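Colleague: Could you take me through one part of this model closely, namely the sheet, and then say what lies around it?

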Amino acid sequence: MQFDKISIKGFRGIKSLEISGLSRVNLFVGKNNSSKTSVLEAVYILCGAYNPNLLINVDNFRGMILDEPNKLLYIFNDLDEKNEITIEGSTKTNKYFRQ
């Protein structure tokens with residue numbers, strides 16, 4: 001799946017981000033802790049929008065174990081579960097949405 005536009009809100013360290021003009025190969029650069037990995041994780045979650053296990057897979061990639069309910073707070077911007085998470089992406093023919 002090749003997205004040409006991605007919008008992420010409230011996910012991890014990303015308050016609001018929109019990236020357009022994506023092509024077949026894209027390069028994300030930036031300082032440490034600037035949410036580059038979070039963008040890739042959001043795209044991964046978006047690609048399997050109907051698979052609830054993807055968030056668990058992302059945690060496994062990071063070596064995290066969710067053994068307590070409050071450990072899920074890290075997926076919300078500013079660690080506040082009241083911040084709604086939305087991840088959207090569009091291709092030339094379809095639009096995908098995860099909330």
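**The sheet and its surroundings**

Modeller: Since you will want the surroundings as well, I begin with the largest pocket of this predicted model, whose lining comprises, by class, 3 nonpolar, 7 polar and 4 charged residues. The space in this largest pocket amounts to about 220 Å³, and of the 14 residues that line it, those closest to its centre are Gly13, Asn33, Ser35, Ser38 and Arg62.

Turning to the sheet itself, it is an open one of 4 strands, arranged in the order β2-β1-β3-β4 with antiparallel pairing. The edge positions are taken by β2 (14–20) and β4 (95–98), each of which has a single partner strand, so one side of each is left without a neighbour in the sheet. From one strand to the next, the twist averages 5°. The partner of β2 is β1 (residues 5–11), and these two strands pair in the antiparallel sense over 6 bridges, with Phe11 standing opposite Ile14 in β2.

Across β1, β2, β3 (86–90) and β4 lies helix α1 (residues 36–47), which runs at about 105° to β1.

The loop between α2 (54–61) and β3 contains Lys82, a residue that counts as exposed because its relative accessibility, 73%, is over the 50% cut-off. Between Lys82 and Val58 there are 24 residues of separation in sequence, while in space the two are 21 Å apart, C-alpha to C-alpha.

Notes:
Residues are numbered from 1 along each chain as its sequence is written. This is a predicted model: local features need pLDDT of at least 70, side-chain atom pairs count only at pLDDT 80 or more; totals for chains, interfaces and linings use all residues. Side-chain values use heavy atoms; hydrogens and water are left out. On a 1 Å grid over the protein atoms alone, a cavity is a set of points where a 1.4 Å probe fits but cannot get out, and a pocket is an open set with protein on both sides within 12 Å along at least five of seven lines; lining residues have an atom within 4 Å of a point. Grid points are joined across faces, edges and corners, and a volume is the space filled by probe spheres set on the points. Ala, Val, Leu, Ile, Met, Phe, Trp, Tyr, Cys and Pro count as nonpolar, Asp, Glu, Lys and Arg as charged, and the others, Gly among them, as polar. Two strands pair if DSSP finds at least two bridges between them. Axes are lines fitted to C-alpha atoms, for helices over the stretch in contact, and angles run from 0 to 180 degrees between N-to-C directions. Contact means heavy atoms within 4.5 Å. Buried means under 20% relative accessible area, exposed over 50%, partly exposed in between (1.4 Å probe, protein chains only).
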